[in-house]
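Dear colleague,

I am passing on the structure we discussed, and my notes on its charged residues follow directly below it. Please read them alongside the model.

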Amino acid sequence: MKALATGLLVVAAALYGLAMVMQQRAPAWAGVWAAVAAFAEAAMIGAMADWFAVVALFRHPLGLPIPHTAIVPRNQARIGENLAAFICDHFLGTAQVVERLRAFDPARRLAQWMADPAHARQASELVTGAGRHVLTALEDPRVAAFVREAVLRRMAGIDIATWAGRLLAVLTEGRRHQALLDEVLQRVAARLEDEALQAEIAERIAAEVQVLRMVGLDLVAGRMGTRKLVAGLGRLIAEMGEDPAHPLRARFDGFVARLVDDLQHDPAMRLKAETLRADVLAHPALADYVQQLWQQAVEALRRDLHADDGVIRTKLADAVQALGERLAADSAMQDWLNGQWLQAAPGLVARWREDIRRHITERVARWPADELSRELELHIGPDLQYVRLNGTLVGGLIGLLIHAVTHALMS
């Protein structure tokens, strides 16, 4: 376009030169050639004036620091501010965004998108793809070491005694532990009534009674002793189960209460718990176990995420599709979601609009002036070159009109 506009200027200059020469060589046609010269002269003036105007937008014409030229570089900061204000005021105004969001009906569109199996798989692929990238980073030995140290450091900061005491206090509140004890007693009593179990215990006791074996009474004595032992233990357990105020229950309550109090307040008990915790954490097997557990978990996730029919990918796609179908069928939920988005939109728009305004202003201000001018010229340059073309032709026609009016007035 520059070449075309400049070429037209050259044509006008050549036509002007030809007209001036032909006025001398062809006097009979002097009037015609005078009109052609007037057209060409005005065309050159219009072309050069518009060339100056177009170039002055982006740089100094011919490198001369003429006032009010290089308009874009000189007003770069103001251009950025005005551009940001235009975008934020006309495209990111709160009213415009809210109205567009209301017409868009995002809940219905989201439900339709999620209910499509292809889209559900696409969402699943997106999540699993991100998961694979994360796992690639987690497989790094430095990450594994960091996780191991973080877990051990966190465990080292736990007050085991206090937490154990609080847990037991919660479990025993309202005599909950007595219900647990009832369940245990019932199960033990049921097991002790089993004839097969009694026979097995009798055999084991008889095998251990070496003295009775020497006289051949080991099996008989073992069976008789076991049955008496089991019967007595069964009666004791039955009594405890039937009597909420049984002395053994009271002793059990006292033991639990003392344990809870000792864990939270007894320095000796707390010291034992802390010593146990320190011994466990200091054991190299624990660190190895934590690291192996981490590596196994990462490896299991990696295999599943890379499999085309992996559990995570399949379940996630099914869940997305099911959620979309459920949302599509629930107009009340759609209305609620749309209401939430419409309620949150003004605050979000107001919050991010100023950040967008600031980003555009700063980006334009930091842009090198020559690069900014070149980018703008590349985008609107062809239209500006048409200005030069029109200036050449319109200038020539105006020059021809002035010549005609002048000739008519002089005649």
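Asp355 and Arg358 form a salt bridge whose closest N and O atoms are 2.3 Å apart, a salt bridge being a side-chain nitrogen of Lys or Arg within 4 Å of a carboxyl oxygen of Asp or Glu. The two residues are three apart in helix H18, so about one helical turn separates them (helices are DSSP runs, H or I, of at least four residues, numbered from the N terminus). Arg358 is partly exposed, with a relative accessible area of 43%; buried means under 20%, exposed over 50% and partly exposed in between, with a 1.4 Å probe and protein chains only.

Please bear in mind that this is a predicted model, in which local features need pLDDT of at least 70 and side-chain atom pairs count only at pLDDT 80 or more, while totals for chains, interfaces and linings use all residues. Residues are numbered from 1 along each chain as its sequence is written, and side-chain values use heavy atoms, with hydrogens and water left out.

The structure holds five salt bridges, and another of them joins Glu125 to Arg313 at 3.2 Å, N to O. Glu125 lies in helix H7 (residues 117-138) and Arg313 in helix H17 (residues 311-328), so this pair ties together parts that are 188 residues apart in sequence. Arg313 is buried, at 11% relative accessible area, whereas Glu125 is partly exposed, at 35%.

Best wishes
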